[in-house]
Amino acid sequence: MLFSRFWVVLLAVIAGASVAAMTLARKTYDHDRALDTAALVESDRRIVEEFLRRDARTRIDDLAPLAGDGALVTAMVTATRRTGDSPALIGNTITTRLRDLNAGLGPLRGDVLFAVDPRGIVVGRVGLNENTVGDYVGGIPLVERALAGYVRDDVWELGGTAYRMAARPILSEGRYYVGAVVHGIAIQQRFVETVAQLVPGASVVFFSAAQTYAGFTPVPERGGVAAPPVGALSEPVRTLAGRSEWASGAVSLELPEHGGRVSYGAIPGAAGMGIAVGRGLPSMPTDFLLHASKEDLARVPLAGIGAGVAGLIVVAMLFFALEFGAKKKRLAEAFAGLQRGPANRLDPVALTGFANDLALAANDALDAVVRREVERSGGKVRSVNDLESLLTAPGDAPQNVRLPLNEADEQRQWRELYEQFVAKRRECGEAADGVSWDRFAGTLRKSREEVVSRARSKGARFTVVVKDGRAAVKAAPLG
Amino acid sequence: MRRRAVAAGLAMMLSGVAAAHDLRGSLGGADTLTPSPRPVPPRWRGSFWEVPNGGLAIQVPRANLERDVAVVLTGASVPEMRQPVTARVEGGRCVPGTLVVAPGTTLTVDNEDLLAHEFYVVRAGQTEPVVASELTASRTRRQLSLPAAGAYELRDQRQPQFRCWIVAGPGQGRVLPVDRTGAFSVSGLEDGTYTVKAYFEGAERASGEVTVAGREATVTLSLGGEAAPAHEDTHRHRDH
């Protein structure tokens with residue numbers, strides 16, 4: 001019994017530990033991946049910001065030939081002096097030249113391109129509001145600084161569209177400032193997709209407090225982590241202004257509804273624009289077997305696992321053999337002894353565990369047979385000794401049978417029973433000192449009366465048994 | 001000779017009936033006015049390119065008298081400005097650069113710029129908003145109410161270098177338009193003593209008193225130092 005129980009407990013502990021380990025591993029995995037993802041989106045955002053910086057520098061540099069174009073400079077000198085041709089005519093001349101130059105910029109062709117005189121007045125314009133001149137823009141930082149002599153970039157919002165802007169001063173003969181050229185490219189879907197290629201697997205959104213300009217969410221690879229959709233990244237934008245950390249220009253948020261993480265970064269500039277980069281949170285997959293490749297399966301130590309399982313089975317069989325084999329053998333011997341005689345009953349005291357239970361059940365069955373035979377014989381059979389002819393071979397003397405006895409015999413048998421009980425308690429590792437004879441005999445008397453009353457029997461018989469690892473006295477009706 | 005005597009007599013009669021005269025003035029020392037540096041916030045630094053062109057020296061910004069200086073005339077017969085006062089934002093600048101208003105004045109910011117702004121108001125030299133920022137889209141306007149007398153700055157979240165100074169105080173009179181050369185004038189003044197003040201970037205840079213008595217008066221204010229002493233112009237005289 002001990003071995004089998006130990007084995008069941010061991011299996012339960014192993015199973016419980018395995019479940020706990022799996023749960024803990026999943027939590028730990030998810031926690032670590034959440035931290036990794038938070039760091040990753042921060043890195044993604046910085047990558048995008050650095051790209052935008054480099055992109056701005058490229059646009060500024062590519063404006064240099066345009067700002068130094070002879071025809072444009074000449075027209076700007078005329079516009080600056082405000083002599084000769086009318087502003088409208090000069091505006092047409094500058095706009096025409098800007099249009100030609102813009103076409104030559106290739107992929108950096110501006111969606112908006114205009115020239116500004118030293119007073120900050122637009123004197124030629126291509127693209128948005130083409131050919132509209134006369135507006136004052138000299139106080140806008142991008143233009144103001146270009147007119148002062150700086151090359152500069154910025155982000156503007158014009159008519160609901162965000163533009164990446166760049167500006168350069170226009171110099172005449174290297175001695176005079178005669179204005180500035182201002183160039184802008186709209187932030188559109190294609191540009192966002194180009195940016196998103198820098199951070200594979202991440203969603204990218206360009207936004208302002210009032211609107212989302214453009215966004216891109218990649219299609220997840222098979223078994224990959226789905227990035228949060230553009231809408232999920234745009235949703236918390238309204239709350240950014242209320243966050244104290246936004247003053248530093250960056251906020252990292254978890255997207256619990258979409259299982260993702262997003263990093264927001266402010267893009268300093270006149271558009272009040274920002275960029276959001278988001279990723280999904282990888283979670284320990286429950287369908288990982290579906291995604292396992294042949295190589296993954298080849299790496300599993302199947303031989304070791306098989307050997308371990310076989311070893312556990314052998315140990316289990318050994319335990320069960322030790323546990324049940326010996327008891328089964330003793331029970332078989334007891335039945336053989338019953339068959340041989342002269343005993344008419346099994347001795348449960350000699351058996352333990354399930355064998356003890358079976359012996360008691362067998363004895364109860366024998367008692368029942370005796371009672372039926374007594375009733376059937378009309379009283380000829382009054383005791384189990386009379387069953388000799390029924391249960392044992394003629395001539396065998398009945399032994400080890402507990403029958404109604406006189407008080408002296410009963411006291412003697414109870415004394416033997418007491419000694420068996422005390423011995424059994426010691427075998428079971430229980431304290432025997434606290435069990436006095438008087439108390440034991442009193443308990444037997446009380447039990448006998450209860451059995452006689454309940455079963456309407458002539459008496460009771462008692463046997464010492466081991467139940468659940470503890471010594472006990474079992475009472476059964478007699479006669 | 002007779003005709004000249006008649007004209008002189010008519011002039012004397014008219015001057016005794018109507019006593020409305022002009023005041024002309026000019027601002028001196030404009031070269032000393034240099035716009036204060038407006039550093040970008042620390043988190044903006046390095047976020048965009050702003051480097052010298054490498055071919056020609058950077059131009060130092062200069063004050064624009066027409067746009068950046070406010071001249072205010074006060075006197076017993078000059079009523080305070082009527083509300084509301086409008087500040088026009090155009091091309092990234094506030095026109096006029098300094099607004100002089102009475103306390104409690106409702107200020108309308110008219111964004112005629114092609115870009116949107118997020119205006120907010122702080123007390124001069126401070127950073128804590130007394131009027132919270134709010135998006136003011138292109139070609140829209142926003143009304144502000146200043147809490148009390150004092151000097152304020154209208155700023156823009158999107159363009160940290162944007163400034164519009166507001167001086168709110170009692171006894172503000174009439175704002176006189178100033179041209180590019182620093183000249184200003186006002187007509188129809190009754191005889192009396194007037195005070196002329198010039199403000200630049202929210203601070204009073206010059207002031208002077210001028211007495212108008214039966215003829216056109218002139219005043220010159222030196223923005224570089226103390227206000228020039230007021231004096232009567234004896235060269236021009238016009239009667240009504």
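**Exercise 1.** Identify the residue that Tyr150(A) stands opposite, and characterise the pairing of the strands concerned.

*Solution.* In this predicted model, the residue facing Tyr150(A) is Pro52(B), which belongs to S2(B). Next, consider the strands: S3 of chain A, residues 150–158, is joined to S2(B) by 3 bridges. The two strands run antiparallel.

**Exercise 2.** Determine how many residues each chain gives to the contact between chains A and B, and describe the side of chain B.

*Solution.* Chain A supplies 36 residues and chain B supplies 28. On the side of chain B, the largest share comes from strand S2(B), residues 50–52, with 3 residues. Sorted by class, that side of chain B holds 13 nonpolar, 9 polar and 6 charged residues.

**Exercise 3.** Classify the relative orientation of helices H10(A) and H11(A), and describe their contact.

*Solution.* Step 1: H10(A) spans residues 302–340 and H11(A) spans residues 353–377. Their axes lie 8 Å apart, at an angle of about 25 degrees.

Step 1: angles under 35 degrees count as roughly parallel; H10(A) and H11(A) are therefore roughly parallel to each other.

Step 2: the crossing of H10(A) past H11(A) is right-handed.

Step 3: H10(A) contributes Lys327(A), Arg330(A), Leu331(A) and Ala334(A). These meet Gly353(A), Phe354(A), Ala355(A), Leu358(A) and Ala359(A) of H11(A). By class, the residues of this contact between H10(A) and H11(A) comprise 6 nonpolar, 1 polar and 2 charged.

Methods: Residues numbered from 1 in each chain as written. Chains lettered and ligands numbered in written order. Predicted model: local features only at pLDDT ≥ 70, side-chain atom pairs only at ≥ 80, totals over all residues. Axes fitted to C-alpha atoms, helices over the stretch in contact; angles between N-to-C directions. Helix = DSSP H or I, 4+ residues; strand = E, 2+ residues; numbered from the N terminus. Parallel < 35°, antiparallel > 145°, perpendicular 65-115°, else oblique. Left-handed = near helix turned anticlockwise from the far one by under 90°. Contact = placed C-beta atoms within 7 Å. Nonpolar A, V, L, I, M, F, W, Y, C, P; charged D, E, K, R; others polar. Pairing = 2+ DSSP bridges.
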